[in-house]
Amino acid sequence: MTSARVLTGLLQGVYFPALTSLLSQKVRASERAFVYSTVGAGTQFGTLLTGAAGSLLLDWYGWPSVFYFSGGLTLLWACYVYRSHPGLGCFGARPAGVQTHQSSLETAFPEGFCLPLPPTPESGQGLRCRMLSPATARRAAIASQLSSACSFFILLSWLPTFFKETFPSSKGWVFNVVPWLVAIPASVLSGFLSDWLINQGYRTITVRKFMQVMGLGLSSIFALCLGHTSSFCKSVVFASASIGLQTFNHSGISVNIQDLAPSCAGFLFGVANTAGALAGLPRPCTALRPARSPQPACPLSGAGVVGVCLGGYLTETAGSWTPVFNLVAVVSSLGLGAFLVFGEAQRVDLSPARQDL
């Protein structure tokens, strides 16, 4: 079981860096936030589908059926992609220019993380990659990504158990579905709003920071409210608002990495996402568990489960859920503060001259 979970996390770890690299290459900067947030809404839809169907399958057929269901859907999707794109993954003949750049990409470091660029009159070189980003901006991006991932996975892992213990008579499909039903339109809205503000003339870094205020700041306020209410309806509203607002991070820090270094966005996002995995949890271990066990830690991936384990430890020692939501607020505030103070949107991967966005 543990080995399977570790392998699952390792194989899924390439998804977001690859997606970031693809979108940074294929999508214009003025449309980047909307496209990324729309694609990111698929994550919420998957959680919504698994939460709704998984709750029913858990009651009817037991916990193994949940994994068979999600794994079966993945295999069906893989078969569809393979059949609809028969040449996918096959390396055929390329033009000579592309082969030259591909050779450089396969053998060079750190050039291997950069896009092939046309030759310039000044240098005559077809591939250039400068430093990924200034040290302070890079650290701010990693810190913000770490905090957003950590706070998100804490809520993702412990919210179902919170509802099950605090409101034993509540229906699992309600609190497993409603927050993610809100998150889908919220994610799309955040991308649309971000691109619209930029097209209206607002500076890119100003818009990115505004999105982080919504995604880390305002969402943590609703998380705090969860620890101070005894109403099931209010708890669902607060949880939905917190999860929905966290999708604004798609149009904030996630796209900011592409602002800093679009030619190296996949590598930089991989570094930031690894930092987030060290403090978060790649997949919820308690999302469908009916009650909290004495051991809050779960034998998952080898990346570490610091944030989730700490939340479970605080719940066990304090005897209430308030410390967990306080932890979410603290982690979110630290990441937000770092990004507001040190965050930049200057593209520095192609030329010594920086363009202040």
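## Exercises on a helical chain

The axes of helix α8 (residues 204-226) and helix α13 (residues 322-342) come within 8 Å of each other and cross at roughly 165°. These axes are lines fitted to C-alpha atoms, for helices over the stretch in contact, and angles run from 0 to 180 degrees between N-to-C directions. The model is predicted: local features need pLDDT of at least 70, side-chain atom pairs count only at pLDDT 80 or more, and totals for chains, interfaces and linings use all residues. Residues are numbered from 1 along each chain as its sequence is written, and side-chain values use heavy atoms, with hydrogens and water left out.

### Exercise 1: α8 against α13

Describe how α8 and α13 are arranged and which residues meet.

Step 1. Start with the angle, which is roughly 165°. That makes α8 roughly antiparallel to α13; the classes are roughly parallel under 35 degrees, roughly antiparallel over 145, roughly perpendicular from 65 to 115, and oblique for the rest.

Step 2. Now the handedness: α8 passes α13 in a left-handed crossing. Left-handed means that the near helix is turned anticlockwise from the far one by less than a right angle, and right-handed means clockwise.

Step 3. List the contacts (heavy atoms within 4.5 Å). On the α8 side they include I205, V213, L216, G217 and L224, and on the α13 side F325, V328, G335 and F339 are among them.

Step 4. Sort the contact of α8 with α13 by class: 12 nonpolar, six polar and two charged residues. Here Ala, Val, Leu, Ile, Met, Phe, Trp, Tyr, Cys and Pro count as nonpolar, Asp, Glu, Lys and Arg as charged, and the others, Gly among them, as polar.

### Exercise 2: α2 against α3

Step 1. From α2, the contact uses Y15, F16, L19, T20, L23 and S24, and from α3 it uses R32, V35, Y36, V39 and T43. Seven of these residues are nonpolar, three polar and one charged.

### Exercise 3: The whole chain

How many helices, strands and disulfides are there?

Step 1. The chain has 13 helices and zero strands. Helices (H or I, at least four residues) and strands (E, at least two) are DSSP runs, numbered from the N terminus.

Step 2. There are zero disulfides, taken as pairs of cysteine sulfur atoms within 2.5 Å. Of the cysteines, C225 is partly exposed at 28% relative accessibility, and C233 is exposed at 56%.

Step 3. Buried residues make up 45% of the 357 residues. Among contacts with a separation of 6 or more, 75% join residues 24 or more positions apart.

Terms used. Buried means under 20% relative accessible area, exposed over 50%, partly exposed in between (1.4 Å probe, protein chains only).
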